[in-house]
Amino acid sequence: MTSEPTDALWPDEQGRLRLPDLADLAGLTEAEVRELVDCGALTPAEGAPGQWIFGVRSITIARTARRLREDFELEPHGVALLLAYIDRIRDLEEELRHLQARLPR
Amino acid sequence: MKFKDYYAILGVERGAKPGEIKNAYRKLARKYHPDVSKEANAEARFKEMAEAYATLKDPEKRAAYDQLGRHGPGEDFRPPPEWSTQFGDASAAFDGMDFADLFAGLAGHPRQGGRHGAGGARRGQDYEVAVPITVEASFNGTEVSLDLTTTEFDEHGVPRRVPRTVKARIPKGATEGQVLRLPGQGGKGVHGGRDGDVYLHISLRPHRRYRVSGHDLFLDLPVTPWEAALGASVEIPTPAGAVNLKVPAGTRGGQQLRLGGRGLPMPQGGAGDLHAIVQIVLPPELTDRERGLLQELATASTFNPRRHLE
């Protein structure tokens with residue numbers, strides 16, 4: 001079956017999500033999202049507990065968290081630690097790309 | 001369907017204890033998990049081992065797998081007829097079914113048409129797809145065609161692997177590390193569940209001219225010593241076409257000349273910059289005339305670039 005081209009959506013940096021929407025997109029339960037927040041793996045952009053609002057970047061983080069938890073059978077603090085390292089590696093890789101781009105070949 | 005040797009995939013003996021299977025899987029997962037691995041083909045390798053582990057870690061599924069006996073990996077294989085009872089009444093149900101689907105359906109209610117048979121709404125499967133694009137495609141926007149294999153269920157809850165092509169328009173300015181979403185283009189939802197999404201992980205292919213950092217482009221610009229000394233107007237390529245760049249008199253090697261807004265477009269509007277990195281290049285072979293002029297310059301010039309080293 002061939003479909004017509006679909007527009008790939010930018011994550012709207014200004015976009016905001018409520019907890020149930022984030023849970024749905026990430027394939028997690030709301031309790032699991034709350035657990036990720038408690039461990040520091042996810043940080044709500046605003047709102048008091050119970051009325052959290054998340055930035056769109058949380059979608060990728062929460063989805064990665066789900067994969068890591070399922071695939072490595074990790075508990076939430078282990079997931080949070082791994083996410084912190086992955087984030088740091090990404091930052092370093094970006095820095096490296098940035099520097100390599102400036103080096104003449 | 002093709003037989004898969006789940007024990008061989010995990011590198012364990014058929015009689016391996018559950019702990020050994022878990023250890024073997026975890027070791028391999030550390031090496032091949034797409035979120036942590038840089039191995040080529042990590043995604044496909046990981047899928048294979050996750051599928052093997054999902055069956056072998058569950059005693060019921062492992063027993064069912066063991067019942068199938070030994071077959072060569074990739075060997076054409078048809079499950080025994082009694083297996084068809086759990087997937088509806090026809091053994092034709094196996095056509096188009098993937099080997100893994102035999103065991104996926106065994107969780108919970110093994111004889112009631114699998115876990116999808118009687119359940120409530122389930123949202124369709126999401127897909128994560130790596131999409132390498134060229135610098136030109138990032139500059140202009142592009143269309144990509146993704147071949148996915150989605151799982152659909154018939155009225156009896158029998159899974160079918162269905163090849164599906166999803167076409168996506170990538171907006172201009174998509175660059176390394178960005179994740180774009182195709183809402184509703186993943187697997188079909190079941191019993192009113194919403195359709196899954198496809199996530200596109202963008203990477204940029206290496207380019208013969210440009211190096212990319214964010215939305216900025218970097219280009220090596222060879223100039224002659226006299227162009228660097230005297231200044232020149234040179235033509236340089238940009239993704240939008242050639243432009244003239246003024247090399248100011250007294251340009252040093254390694255100096256970056258910036259062309260504002262000539263890099264990759266940004267989604268919020270505007271564009272990155274193009275930086276030309278000056279490389280001072282000598283003719284590979286000097287003509288007699290060039291040598292004579294350079295000798296004359298060497299004699300006439302009192303410039304000492306190494307004074308600070310004295």
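Biologist: How many bridges join β1(A) to strand β3 of chain B, and do these strands run parallel or antiparallel?

Modeller: This is a predicted model. In it, β1(A) is joined to β3 of chain B, residues 159-170, by two bridges, and the strands run parallel.

Biologist: Which residue is the bridge partner of A:T6 in β3(B)?

Modeller: A:T6 has B:A168 as its bridge partner there.

Biologist: And how many residues does each chain bring to the contact?

Modeller: Chain A supplies 27 residues and chain B supplies 33. On the side of chain A that touches chain B, the elements giving two or more residues are β1 (6-7), α3 and α4.

Biologist: Which element gives the most on that side of chain A?

Modeller: That is α4(A), with seven residues. The residues on this side of chain A divide into 11 nonpolar, eight polar and eight charged.

Biologist: Turning to the helices, at what angle do α3 and α4 of chain A cross?

Modeller: The axes of α3 (residues 57-72) and α4 (residues 76-102) of chain A cross at roughly 125° and come within 10 Å. That angle makes α3(A) oblique to α4(A). The crossing is right-handed.

Biologist: Which residues make the contact between them?

Modeller: From α3(A), they are A:I61, A:T64, A:A65, A:L68 and A:R69; from α4(A), they are A:V79, A:L82, A:L83 and A:I86.

Biologist: How do those residues divide into nonpolar, polar and charged?

Modeller: Seven are nonpolar, one is polar and one is charged.

How values were computed
Residues are numbered from 1 along each chain as its sequence is written. Chains are lettered from A and ligands numbered from 1 in the order in which they are written. This is a predicted model: local features need pLDDT of at least 70, side-chain atom pairs count only at pLDDT 80 or more; totals for chains, interfaces and linings use all residues. Axes are lines fitted to C-alpha atoms, for helices over the stretch in contact, and angles run from 0 to 180 degrees between N-to-C directions. Helices (H or I, at least four residues) and strands (E, at least two) are DSSP runs, numbered from the N terminus. Angles under 35 degrees count as roughly parallel, over 145 as roughly antiparallel, 65 to 115 as roughly perpendicular and the rest as oblique. A crossing is left-handed if the near helix is turned anticlockwise from the far one by less than a right angle, and right-handed if clockwise. Two residues are in contact if their C-beta atoms, placed from the backbone, lie within 7 Å. Ala, Val, Leu, Ile, Met, Phe, Trp, Tyr, Cys and Pro count as nonpolar, Asp, Glu, Lys and Arg as charged, and the others, Gly among them, as polar. Two strands pair if DSSP finds at least two bridges between them.
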